[in-house]
Amino acid sequence: MITTNTSILITGGAGFIGSNLCDYFLAKNYKVTCLDNFATGHQHNIEPFLSHPNFKLIEGDIRNSETCANAVQGVDYVLHQAALGSVPRSINDPLTTNEVNITGFLNMLIASRDAGVKRFVYAASSSTYGDSESLPKVEEVIGKPLSPYAITKYVNELYADIFARTYGLETIGLRYFNVFGRRQDPNGAYAAVIPKFVMQFMKHESPVINGDGNFSRDFTYIDNVIQMNELAILTENPEAVNTVYNTAFGDRTTLNQMVHSLKEYLSEFDATIAAVPVLYGPNRAGDIPHSLASIEKAKKLLNYTPKYSFQNGLKEAVKWYWENLK
Ligand code: NAD
């Protein structure tokens, strides 16, 4: 049962998804601890919470088992978001991705088991579907991983399952599909496509689409992801735990359609953006052509009802970037 004293640990809480989770659960009166080493997260993402009486920041690394053990003390639920994202990053540096995403994950599982955490909810990934060509993606049918990153996210699921079976630690994995929205980092070599393109358009620079733009994604607005995390904490349905869920809207949009919509929404703020041309480059290694989630399992077992379509979410995201980063 959730009470005003319910305490959650959000690892990766200074990152895009983690900071949105901190924000949401603080507003819901949870006690929130954020564990982050700022590898890809930012102080400015959590600045507004630092003075909040229910917020605690632990600056530390999940590769350190002692740090993990300290962070879970007195915690009811863990929302484990800390990881090194990005397929290209993992191709360039598989070892560090492995250390953070697998060793770090295992450290957090062990710490959570030893501290008697009630449930361990973690960020899994649609990359686990790998080379499976079936659409929509259903949780039970996966292919071979296409990148070191995808391997790490699949191994996370295997470990979570073993910890549930062997030690009785309740786990729920949320396979996120291309999440976007406020606070997603537009900068750096490994930036996600939507914030990166928004920033480029705002500077009147031409974004480069990898491939011909016909690849499609189930772009998922951050508020749908927050909803899934909350449902994963709250569910009391025994059939709903110790499993994984697609976390998506359940529709797909091509890169070309996404860019078209981006231009349209940004043009409401600056009409000249409509004339910025888009460029095309080669396909990227490790990218899958199409991604579309079935969200039937989450609907059935968690009562998930995504509130934001891609278009509605994109309007919100564009507005946020314009107001905060222009
Ligand atoms: P992000 O990079 O913004 O957040 C990750 C956070 O983890 C950052 O704050 C970073 O500093 C922290 N971190 C990294 N290494 C750490 C370490 N060793 N110790 C402590 N903290 C560390 O990325 P995000 O998009 O918010 O992703 C959050 C989670 O969701 C990740 O696990 C990612 O793999 C997963 N995911 C994201 C997407 C997406 O579309 N954004 C899709 C699938 C899965």
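Predicted model: local features only at pLDDT ≥ 70, side-chain atom pairs only at ≥ 80, totals over all residues.
The crossing of α7 past α9 is right-handed. On the α7 side, the contact is made by Val-193, Ile-194, Phe-197, Val-198, Phe-201 and Met-202, and these meet Leu-255, Met-258, Val-259, Leu-262, Lys-263 and Leu-266 of α9. Classified by residue type, this contact of α7 with α9 comprises 11 nonpolar residues and one charged residue, with no polar residues.

A further crossing involves helix α7 (residues 193-202) and helix α11 (residues 310-325), whose axes come within 11 Å and cross at roughly 50 degrees. This makes α7 oblique to α11, and the crossing of the two helices is right-handed. Here α7 contributes Ile-194, Pro-195, Val-198, Met-199 and Met-202, whereas α11 contributes Phe-310, Leu-314, Tyr-321, Trp-322 and Leu-325. The contact of α7 with α11 contains 10 nonpolar residues and neither polar nor charged ones.

Turning to the ligand, 27 residues are found around it, of which Asp-36, Thr-40, Asp-61, Tyr-149 and Val-179 come nearest. A backbone N or O atom of Val-179 is placed 2.8 Å from an oxygen atom of the ligand, and a polar side-chain atom of Lys-153 lies 2.9 Å from a ligand oxygen atom. A nitrogen atom of the ligand, in turn, is 3.3 Å from a polar backbone atom of Asn-37.

Technical notes
Residues numbered from 1 in each chain as written. Heavy atoms only, no water. Axes fitted to C-alpha atoms, helices over the stretch in contact; angles between N-to-C directions. Helix = DSSP H or I, 4+ residues; strand = E, 2+ residues; numbered from the N terminus. Parallel < 35°, antiparallel > 145°, perpendicular 65-115°, else oblique. Left-handed = near helix turned anticlockwise from the far one by under 90°. Contact = heavy atoms within 4.5 Å. Nonpolar A, V, L, I, M, F, W, Y, C, P; charged D, E, K, R; others polar. Near = heavy atom within 4 Å. Polar contact = N/O pair within 3.5 Å; in protein donor to acceptor, adjacent residues only side chain to side chain.
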